[in-house]
Amino acid sequence: MAILGRERQVDWEVVYEGANGLLDLYEKDPESKGMNAIIKGFRQFTDNLFAAIDEGRPVVWHNCGCSPELIRGLEDVQPMPIEVLTVLQDLLGDVKHTTDLIDGAEAHGVAPEVCSIDKAAIGAVLKDLYPQPACMLYHNTPCDSQIAAIKAMTELTGKPMRLMDIPYLSGDREVKYLAKQLREAIPFLEEHTGKRFDWEKFREVCEESNRTGEYLRDWNELRRHKPCPQVSKMVALNTALLVAFSGDPEGTAIAKGFRDEAKERIERGESSVEGGELYRAVWYQDPVWWDLQFYDWMESELKLVIPMDLFGYYASEAFIDTSTPESMLEGLARKDLRVLPMSRQFKGPIDSFIDDYLRLCKDYQADFGIFAGHVACKHGLGGIGLFREASREAGIPLLYFEFDMFDPRVTPVETIQDHITHFVEDVVRPRKEAA
Amino acid sequence: MGKNELLKTFQEVIQKPRNAYLDDWIKSGNKVMGYYCSYIPEELFTAAGFLPYRIRGAGSRDSSEGDAYMSARLCTFVRQTMSLALRGEMNFLDGVVLAQNCDHIRRAGDLFEKKVKLPFYSFISIPRAPKERLFDWYLAELKRLKGEIEGHFGLAITDQKLNESIALHNSTRERIRKLYELRKKDAPPITGEEALTVTTAAHLMPRQEFNALMDELLGHLRDAKGTGDYRARVIITGGELDNPEFLAGIEQQGALSVAEVVCFGQRSFGDPIPDAAGDPLERIARHRFFQVPCARMVECFDDQVATLKNTVREFKADGIIFQRMKFCDPWAGDAHNLHWRMREEGIPFLALDREYQVPASGQVKTRVQAFLEKIGK
């Protein structure tokens with residue numbers, strides 16, 4: 001199979017085939033507007049990336065804590081999140097390719113406890129699956145595993161790297177601190193890409209980012225509806241959207257697809273759970289991205305729906321004031337600090353992590369919470385005791401288990417299914433019946 | 001005191017959370033401030049009249065209290081220190097200052113604030129790259145911390161006190177430098193296990209008394225015969241290491257540690273703070289911010305490598321043994337990068353994972369033996 005008329009490495013072709021296969025199956029299905037939009041978006045991202053390679057346009061790598069608007073302010077530069085292949089492979093392709101990359105990184109000396117997405121990204125670099133970057137722009141969020149990854153990426157590529165220091169808190173002082181760093185990063189990006197930063201283009205990018213945000217805000221509201229109008233597996237895809245498509249019209253198209261589908265299904269009185277939902281849970285920390293059918297199983301077998309999760313939550317501080325260059329930089333800084341999932345919740349005191357959870361449980365009328373602890377997210381796992389106490393105080397039953405969001409070998413799907421089934425049967429159902 | 005007696009004294013200092021010198025300090029009505037990291041300058045605490053006390057987990061039987069609040073995916077260093085704190089065994093501290101050194105310590109901060117509840121708690125945000133463009137932020141954070149300490153305890157940290165504190169800590173640095181100089185000899189008069197015991201003790205007792213003991217020790221070591229009975233000289237590097245027994249296990253295999261480029265070892269001290277005019281807090285901040293970087297720092301890996309290469313050369317080392325706490329991500333990244341860099345440089349390199357307070361296991365000993373054989377020693 002070829003992408004854009006050229007043979008690509010198998011890993012990418014599997015992803016591309018996966019996207020095409022899913023679109024062949026569901027493109028004409030009016031019930032799949034949201035999923036279709038993001039799958040098309042992913043395919044478009046792949047097309048854009050390969051077009052940039054073929055046309056010799058610079059590619060700038062960034063990480064998932066770094067929203068790409070600033071990079072998009074450069075003429076003819078393609079941003080690429082270092083996590084992209086892992087996410088696409090798990091969601092659309094074949095997870096076997098991800099686990100091969102993980103194994104490759106470990107064989108090269110990366111410690112097993114580094115996050116699987118970072119190990120797979122390092123594996124991808126070792127296997128030469130990524131286009132060489134002109135330079136790299138990273139943020140030191142959401143976790144230390146990213147620090148390990150970005151240092152390894154710098155060593156392996158030898159390319160220039162710039163770190164945006166993300167401070168502990170997210171107040172106005174911190175916003176100005178980050179905005180200053182973003183401004184200072186512009187000459188770095190211009191120097192290494194050989195492209196000019198265009199403030200007018202940056203303004204358009206920020207306006208596009210705002211348009212995407214408006215749809216996402218509406219979509220977050222619509223998913224509060226009871227019964228939940230949309231399937232559980234869609235919600236976490238918001239993070240992939242934000243990291244890969246912020247400031248891109250494709251991102252707005254995806255967000256609109258999410259919003260429209262939810263709106264139409266509410267208007268038609270449809271529930272995501274055939275036969276009606278019995279239980280609602282807020283899924284917290286990381287999603288199961290190596291098996292999206294797992295979410296179908298929850299809905300069909302347990303009548304359990306996830307109306308919102310940590311990856312899906314779109315905080316309302318995201319809107320960028322585009323009136324001046326300074327306001328745009330501060331707006332982007334505010335988005336980086338206060339909106340990007342994980343970065344928002346994990347970089348500071350545990351309170352922001354817990355408070356968001358409790359608010360989501362209330363807003364989305366959750367019967368219980370599921371703390372799906374991705375084994376590498378030490379910042380979340382390090383707060384589990386306080387998290388449990390807060391849940392107990394709020395009277396929200398909490399299921400906690402550990403797994404790996406990109407590597408099914410750590411905790412098999414059957415084990416996760418058992419955890420959830422037992423919890424629903426032994427804790428949630430009796431509690432609901434008693435109420 | 002003789003050499004052995006002095007070393008025994010230092011050993012006693014590091015065995016448990018409290019020691020006789022600390023107890024005397026507290027009995028005299030003085031205050032103690034806890035901290036975790038080399039990027040939090042102890043000079044500031046000394047200038048406030050406190051004893052800077054670097055938090056560690058020695059004396060913790062296990063990590064059970066820490067485990068109640070933290071997943072086993074967090075390092076045992078943090079879980080054991082939190083166990084001590086949650087058991088009340090750190091209640092002698094008048095406060096703690098934490099920073100986002102790593103994901104694990106950030107969460108320790110939450111527990112200190114919400115569960116341990118010492119009289120004073122502060123948290124500073126330390127930039128993740130030692131670059132001039134970020135220095136102002138770090139300095140501002142230290143100024144904020146200074147203001148918080150002054151406000152809470154009703155005292156003034158004057159420039160004079162800061163200068164006196166710099167002088168005191170520089171005098172410790174001078175003694176540590178002399179200790180390390182002696183270790184460059186072909187027959188170093190002190191083992192790595194002993195040296196780490198000494199440098200760890202410096203973090204847990206009043207500096208004046210530490211310096212006095214050091215003067216005595218240096219007097220004994222200066223003309224001591226030393227030990228030439230080793231198979232290879234190694235530099236120990238990696239994450240924090242305050243467990244001399246771990247080094248003992250390595251040295252028993254014939255790998256003599258001649259320098260420990262770790263926190264609690266050389267990295268905690270560095271060069272003296274230059275004697276210059278101007279804001280003493282800024283001089284302290286510059287010294288700390290641009291010190292030998294730890295793995296949490298980015299955009300400075302070449303500096304880390306250069307420091308290690310220089311140390312290997314100066315101490316005539318045959319190789320490097322790198323150690324890190326299991327689950328430490330920043331050092332996991334550096335372990336990978338150092339492995340390949342050292343291979344390029346032709347410097348033998350062994351990377352070991354360890355758990356806190358666990359002496360070198362049979363597996364570690366076997367790996368050290370194999371390493372020595374591999375480098376022909």
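This is a predicted model: local features need pLDDT of at least 70, side-chain atom pairs count only at pLDDT 80 or more; totals for chains, interfaces and linings use all residues.
Two strands are taken to pair if DSSP finds at least two bridges between them, and helices (H or I, at least four residues) and strands (E, at least two) are DSSP runs, numbered from the N terminus.

Residues are numbered from 1 along each chain as its sequence is written, and chains are lettered from A and ligands numbered from 1 in the order in which they are written.

Back to β1(B). This strand, residues 31–35, is joined by 3 bridges to strand β3 of chain B, residues 95–99, and the two run parallel. A further 5 bridges join β1(B) to β2(B), residues 50–54, again in parallel, and there the bridge partner of B:M33 is B:P52. Together with helix α3(B), residues 42–47, strands β1(B) and β2(B) make a right-handed β-α-β unit; right-handed here means that, with the strands pointing away from the viewer, the path from the first strand over the helix to the second runs clockwise. How many of the 5 residues of β1(B) are buried? The number is 4, so the strand is largely enclosed by the rest of the structure. A residue counts as buried if 20 or more other C-beta atoms lie within 10 Å of its own, as exposed if 12 or fewer do, and as partly exposed in between, with C-beta atoms placed from the backbone.

Let me turn to helix α1 of chain A, residues 10–26. Its 17 residues should span 24 Å at 1.5 Å a residue, and its end C-alpha atoms are 24 Å apart, which agrees; the expected span is 1.5 Å times one less than the number of residues. Within α1(A), the residues A:D11, A:W12, A:V15, A:Y16 and A:A19 are buried. They cover an arc of only 140° around the axis, which puts them on the same side of α1(A), the arc being that of the directions from the helix axis to the C-beta atoms. On the face turned away from that buried side we find the exposed residues A:D24 and A:L25. The buried residues of α1(A) pack against β1 (2–3), α2 (33–55), α4 (84–92) and α5 (95–107) of chain A.

Now to the two chains together. In all, 37 residues of chain B are in contact with 38 residues of chain A, contact meaning that the C-beta atoms, placed from the backbone, lie within 7 Å. Which element gives the most to the side of chain B that touches chain A? That is α14(B), with 10 residues.

I will close with some local backbone geometry. In chain A, the peptide bond from A:T141 to A:P142 is cis, with omega near 5°, and A:P142 is found in the loop between β5 (135–139) and α7 (144–157). Another cis peptide bond joins A:K226 and A:P227, with omega about 5°. As for positive phi in residues other than glycine, A:L4 has a value near 55° and B:E299 a value near 65°. A:L4 is exposed, with 12 other C-beta atoms within 10 Å, whereas B:E299 is buried, with 21.

Terms used
Two residues are in contact if their C-beta atoms, placed from the backbone, lie within 7 Å.
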